[in-house]
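Below is what I looked up, roughly in the order I went.

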Amino acid sequence: MATGHFKQGIAGGRLSPEQYADNFSDLHPPLDHHEALVESDRCYFCYDAPCMNACPTSIDIPLFIRQISTGNPIGSARTIFDQNILGGMCARVCPTETLCEEVCVREVAEGKPVQIGRLQRYATDAAMVENKQFYPRAAPTGKTVAVVGAGPAGLAAAHRLARHGHDVTILEARPKAGGLNEYGIAAYKSIDNFAQAEVDYIISIGGIDIQNGKALGRDYQLSDLTRNYDAVFLGMGLGGVNALRADGEDAQGVTNAVEFIAELRQASDLASLPVGRRVVVIGGGMTAIDAAVQSKLLGAEEVTICYRRGQEHMNASEFEQDLAAANGVTIRHWLQPKRVIAEGGKVSGIELEYTAMDGEKLVGTGERLTLTADQVFKAIGQSFVPAALNGSGALLALEAGRIKVDAEGRTSLPNVWAGGDCIYGGDDLTVSAVAQGRDAAESIHRALTSNGRA
Ligand SMILES: Cc1cc2nc3c(=O)[nH]c(=O)nc-3n(C[C@H](O)[C@H](O)[C@H](O)COP(=O)(O)OP(=O)(O)OC[C@H]3O[C@@H](n4cnc5c(N)ncnc54)[C@H](O)[C@@H]3O)c2cc1C
Ligand code: SF4
């Protein structure tokens with residue numbers, strides 16, 4: 001992981017320890033027992049529930065809410081985990097406002113949806129606190145599967161494969177498992193080391209061996225895995241970050257937002273993290289919002305997000321945009337970066353150009369604007385790094401730069417499946433990675449056992 005950002009020692013407005021604790025506390029505090037009962041009572045238990053259809057993992061939402069309302073949170077957790085073994089994390093990070101809660105009939109009728117995400121957290125927390133185990137493993141099949149990457153896709157695939165009696169080895173490049181749950185999700189969405197607690201809960205099923213510090217392409221090749229295992233699942237996420245394509249972007253103080261967030265998530269003392277006084281974030285998605293809000297919460301004085309299109313085009317949901325505004329972040333639209341201004345090699349500002357639509361095309365208007373900045377974050381999208389797949393003999397087919405898979409997650413290579421952010425056609429959400437990992441595992445199981453009849 002690059003550490004350039006913090007080595008620069010950019011000074012920031014410093015806060016008291018109490019302010020840090022408060023700033024990075026739970027974004028959506030858990031519901032207590034009474035609140036959960038009241039909230040679950042608001043559900044109409046719709047037939048053909050739209051919320052369930054909007055969930056990428058198809059959790060039976062009306063059923064789990066009914067189980068809460070009848071005093072059975074553990075049964076409710078089982079309903080959730082049946083479809084989504086990372087239901088605890090998804091309850092914390094899903095953009096429910098654009099998924100299940102957006103289509104909830106109470107949202108449509110009254111503008112106030114049932115708080116599905118918080119109810120899901122209530123139930124899954126209850127089961128995890130009691131360490132309830134719902135899934136005994138099937139009899140051993142004698143089959144082995146290698147999973148590359150211990151992110152949501154890899155963990156979901158591993159758990160489902162272990163359930164079916166296969167032996168799974170997860171090979172993970174980083175020192176900790178969890179993928180972006182551990183290194184990417186905003187700190188106030190996943191407090192108290194929840195990502196690691198969830199990994200422990202998942203692997204407590206047995207039959208899953210996680211090996212950290214094992215990078216595909218560096219420590220072994222794909223051909224080694226296809227030779228030594230009965231099947232391979234690739235859940236490697238996105239390792240690259242798109243460039244700004246602005247002059248001078250290699251100046252000190254211009255940092256990848258994803259690296260900044262990873263460092264923040266791993267920091268033991270937030271007060272010791274330097275942050276710029278005037279921070280500019282380039283981008284319009286969740287990463288841009290997370291970098292901007294967390295900079296502000298760390299004590300930056302001014303934080304501005306610059307996005308090259310209009311508000312309605314931003315990938316960040318309305319809720320995320322409101323969160324940024326509520327934390328004092330300014331969002332400016334129709335601006336693209338042109339030049340990083342540096343003094344003595346360090347960033348001191350950024351020159352941007354106004355943009356406009358010319359028919360279907362986004363064009364620069366020629367009019368420029370300069371913002372003072374001692375820190376600039378790049379948050380204009382991540383990309384799949386196929387380099388790790390090289391040296392594997394046959395190359396895997398890609399589509400638009402990501403791994404090409406069929407409807408079951410099969411790649412162009414026999415016995416190799418893939419899912420999560422690294423495949424083409426996904427929507428780069430935790431819950432979708434879980435669904436793809438789970439479904440690929442079912443496909444692997446069918447392939448290894450002649451349609452489950454091993
Ligand atoms: C800053 C940020 C904030 C986000 N916030 C949200 C949010 O609030 N809600 C939401 O739904 N989604 C969010 N997302 C998206 C979400 O995190 C991803 O969609 C999800 O993590 C994808 O899961 P994955 O398993 O495919 O990949 P990842 O989580 O990226 O996991 C991939 C794993 O593979 C490992 N790996 C990579 N290369 C190799 C290799 N060569 N060998 C071995 N291991 C390797 C990585 O170290 C990593 O552990 C966010 C993303 C970012 C970047
Ligand atoms: S759409 Fe809303 S009211 Fe209907 S089942 Fe889902 S959560 Fe309940």
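Before I start, my burial scale: buried means under 20% relative accessible area, exposed means over 50%, and partly exposed is in between, with a 1.4 Å probe and protein chains only.

Ground rules. This is a predicted model, where local features need pLDDT of at least 70 and side-chain atom pairs count only at pLDDT 80 or more, while totals for chains, interfaces and linings use all residues. Residues are numbered from 1 along each chain as its sequence is written, chains are lettered from A and ligands numbered from 1 in the order in which they are written, and side-chain values use heavy atoms, with hydrogens and water left out.

**Entry 1: loops.** I began with D219, in the loop between β3 (208-212) and α14 (222-228). Helices (H or I, at least four residues) and strands (E, at least two) are DSSP runs, numbered from the N terminus. D219 comes out partly exposed, because its relative accessible area is 39%. I also checked D219 against A173: they are 46 residues apart in sequence, and 9.2 Å separates them in space, C-alpha to C-alpha.

Next, the backbone angles. Most residues other than glycine have a negative phi. N131 isn't a glycine, yet has a positive phi of about 50°. I found N131 in the loop between α10 (116-129) and β1 (144-148), and with a relative accessible area of 45% it is partly exposed. N193, also not a glycine, has a positive phi of about 55° and lies in the loop between α12 (180-183) and α13.

**Entry 2: rings.** How many aromatic pairs does a search of the whole structure find? I got four. Rings of Phe, Tyr and Trp (its six-membered ring) pair if their centres lie within 6.5 Å; planes under 30 degrees apart are stacked, over 60 edge-to-face, the rest tilted. F81 and Y201 have ring centres 5.5 Å apart and planes at 45°, so I logged that pair as tilted. F81 is in helix α6 (residues 73-83) and Y201 in helix α13 (residues 194-203), so to speak distant parts of the chain, 120 residues apart. Both are buried: F81 has a relative accessible area of 2%, and Y201 has 8%. Ring pairs join F81, F134, Y135 and Y201 into a cluster.

I looked at charges over rings too (NZ of Lys or CZ of Arg within 6 Å of the ring centre and within 35 degrees of the ring normal). The charged end of R66 sits over the ring of F45, 4.1 Å from its centre. R92 lies over the face of F194, at 3.6 Å from the ring centre.

**Entry 3: ligand 2.** The residues around ligand 2 (a heavy atom within 4 Å) include C43, Y44, C46 and I116.
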